[in-house]
Amino acid sequence: SIANDAPEEMAQTAHTLWSALAMLDVRPAMDQCARLESCGRDGDLEQAPKWLAQLERLVARIQLEMSV
């Protein structure tokens with residue numbers, strides 16, 4: 001979505017991921033999804049790569065913790 005410069009698609013994807021993360025109650029990752037969704041809704045993708053990188057790190061940590 002970021003690479004395709006498709007802010008609406010990014011917002012929808014971020015919202016879907018937020019919903020999945022809400023079931024796990026992982027607030028930091030949910031906050032990153034909310035930031036990405038907001039970027040997409042606003043059509044401003046300037047900060048999106050930064051938020052996405054942080055989200056990827058958080059999700060990696062969640063996956064590691066769940067595998068223990």
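Visitor: What is the angle at which helix 2 and helix 3 pack, and how far apart are their axes?

Guide: Helix 2 and helix 3 (residues 48–67) pack at about 155°, and their axes are 9 Å apart. Axes here are lines fitted to C-alpha atoms, for helices over the stretch in contact, with angles running from 0 to 180 degrees between N-to-C directions. Helices are DSSP runs (H or I, at least four residues), numbered from the N terminus. This is a predicted model, where local features need pLDDT of at least 70, side-chain atom pairs count only at pLDDT 80 or more, and totals for chains, interfaces and linings use all residues. Residues are numbered from 1 along each chain as its sequence is written, and side-chain values use heavy atoms, leaving out hydrogens and water.

Visitor: Why is helix 2 called roughly antiparallel to helix 3?

Guide: Angles over 145 degrees count as roughly antiparallel, under 35 as roughly parallel, 65 to 115 as roughly perpendicular and the rest as oblique. The angle is about 155°, so helix 2 is roughly antiparallel to helix 3.

Visitor: Which residues of helix 3 make the contact with helix 2?

Guide: Among them are Trp-51, Leu-55 and Ile-62, with Leu-36 and Cys-39 including those on the helix 2 side; contact means heavy atoms within 4.5 Å.

Visitor: What makes helix 1 and helix 2 roughly antiparallel?

Guide: The axes of helix 1 (residues 7–24) and helix 2 (residues 27–42) cross at roughly 160° and come within 7 Å. Helix 1 and helix 2 are therefore roughly antiparallel too.

How values were computed
Helix = DSSP H or I, 4+ residues; strand = E, 2+ residues; numbered from the N terminus.
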